[in-house]
Amino acid sequence: MSAVSFSGVSKRYKDGPKAVDSLDLTINDGEFMVFVGPSGCGKSTALRMLAGLEEITEGELRIGDQVVNDLPPGDRDIAMVFQNYALYPHMTVRENIGFALEVAKVDKKQAKKMIEDAAELLGLTEYLERLPKALSGGQRQRVAMGRAIVRSPQVFLMDEPLSNLDAKLRVQMRSDIIQLQARLGTTMVYVTHDQVEAMTMGHRVAVLRAGVLQQVAPPQKLYLEPANLFVAAFIGSPSMNLVASDLTVDNGVVTLAFAEHRVRLAAGAVERYPGLLERNGSEVIFGMRPEHFALAGDIDVDDDQIIEVQVDLAEAMGAEVHVHATLDVPPVSIDGEMIDPDADSQADGTRVIARIDGIHVVAMGQRIRLALKTHLAHFFDPTDGRPLR
């Protein structure tokens, strides 16, 4: 049994705020759980408390049925993989992978088999007699994982293990780690600031902000049903477009007004967010994923579901074009903090990104008409950031 349970776990550093605040989270036996969030959100601190590298200020932490609050790291039956590999440069791959077995005085014949099994699993067999300096970054990371695997721990912990790799290698290593976890069936807790990594790797993803757990759910649920404005803005690449809008209701027809635009919502939007009917005359936050736009003419919508914008930037991505534009409305914020990390440079309006079909050629400065798939939109309360369901 290798489930992990955080029950009201907090970490407060001396004379500072809580780095982790009352974390309640159960990680199931054999689950791949990813912690994600911006820098300083508490994700690495939570992992380090689980590893025994940080003391717990409050709460209870269990691995399996055992409370491990005061248990030394070496007694927790966990293995940790860091972003900097932490390999011994004077040891061969074989010696690095087998170091923990040597310390534990495992029988040499048995240890040899364990090392070679781990090397085969990771595609390292032909490199066993090489030194780390003769390996690529991806191969070194595999050695670090081999050193963890060979111990057969209850829980694997990975702290930003791919951040030192180039983009192409990161994609390959993501795939390798996913397949490795599936084959081993061991509980894995993985920390990353990269929400693309989080969405492609985890069985479930825990999103943290300022030490507080915002939502934990399978990746697709996070994307389709964000629990609040922060999750909506953080999950997705490019991120969700969020626009402060004035809402009116007239005989069941809901209309949004923002900048010089007036947009009638499709019936499907009101069916998904019935709370909109009770917000006549109030402000709401209107959320649209980039793929919820299309160039007018590509889809069949009425004129009152089309807006005209000027292109600030057009990024040709091959199969699609990312069109950047600015709406003349103040950027959305949560507790005074801008949702858009670039909002300070966009103080004259709200930046939006639309993803349109790559067959179109769009130029900077051009005015284009964008059709809105409002039946797929999201709506949030501007005061508490919660969805208006």
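Predicted model: local features only at pLDDT ≥ 70, side-chain atom pairs only at ≥ 80, totals over all residues.
Overall picture. The chain has 389 residues, and 51% of them are buried. There are 9 helices and 23 strands. Along the principal axes, the C-alpha trace spans about 80 × 45 × 35 Å.

Next, helix α1. This helix is mostly covered, with 7 of its 9 residues buried. Among the buried ones are Leu-47, Met-49 and Leu-50. Lys-43 is on that list too. Just after α1 comes Gly-52, with a positive phi of about 90°.

Stay in that region for a moment. Glu-54 sits in the loop between α1 and β4, which covers 58–63. Is Glu-54 buried or exposed? It counts as buried, because its relative accessibility is 18% and the cut-off for buried is under 20%. The side chain of Glu-54 has a polar contact with that of Tyr-13, at 3.1 Å.

Now salt bridges. The whole structure has 18.

Start with Glu-129 and Arg-94. Their closest N and O atoms are 2.9 Å apart. This pair links distant parts of the chain, 35 residues apart. Glu-129 lies in the loop between α3 and α4, while Arg-94 is in helix α2. Glu-129 is exposed at 54% relative accessible area. Arg-94 counts as partly exposed, at 22%.

The other two are within helix α3. Glu-116 bridges to Lys-112, again with 2.9 Å between the closest N and O atoms. Why is the separation about one helical turn? Because Glu-116 and Lys-112 are 4 residues apart in helix α3. Both ends are partly exposed: Glu-116 at 28%, Lys-112 at 44%.

Asp-117 and Lys-113 form a salt bridge at 2.8 Å, N to O. They too are 4 residues apart in α3, so about one helical turn separates them. Asp-117 is partly exposed at 38%, whereas Lys-113 is exposed at 53%.

Which residues are linked in a network of salt bridges? Arg-94, Lys-112, Glu-116 and Glu-129.

On to the surface. Glu-260, Asp-312, Asp-328 and Asp-348 gather there in a patch of negative charge. Take Asp-312 from that group. Its place is the loop between β16 and β17. Asp-312 is partly exposed, with a relative accessible area of 36%.

One last residue. Gln-66 is in strand β5, residues 66–67. Gln-66 is partly exposed, at 42%. From Gln-66 to Ala-206 is 140 residues in sequence and 23 Å in space, C-alpha to C-alpha.

Definitions and conventions. Residues numbered from 1 in each chain as written. Heavy atoms only, no water. Patch = residues over 30% accessible without salt bridge, like charges linked within 9 Å, V, L, I, M, F, W, Y side chains within 5 Å. Areas by Shrake-Rupley, 256 points an atom, 1.4 Å probe, with all protein chains shown as cover. Salt bridge = Lys/Arg side-chain N within 4 Å of Asp/Glu carboxyl O. Lys, Arg positive; Asp, Glu negative; His and termini not counted. Charge placed at Lys NZ, Arg CZ, Asp CG, Glu CD. Buried < 20%, exposed > 50% of the residue type's maximum accessible area, 1.4 Å probe, protein only. Polar contact = N/O pair within 3.5 Å; in protein donor to acceptor, adjacent residues only side chain to side chain.
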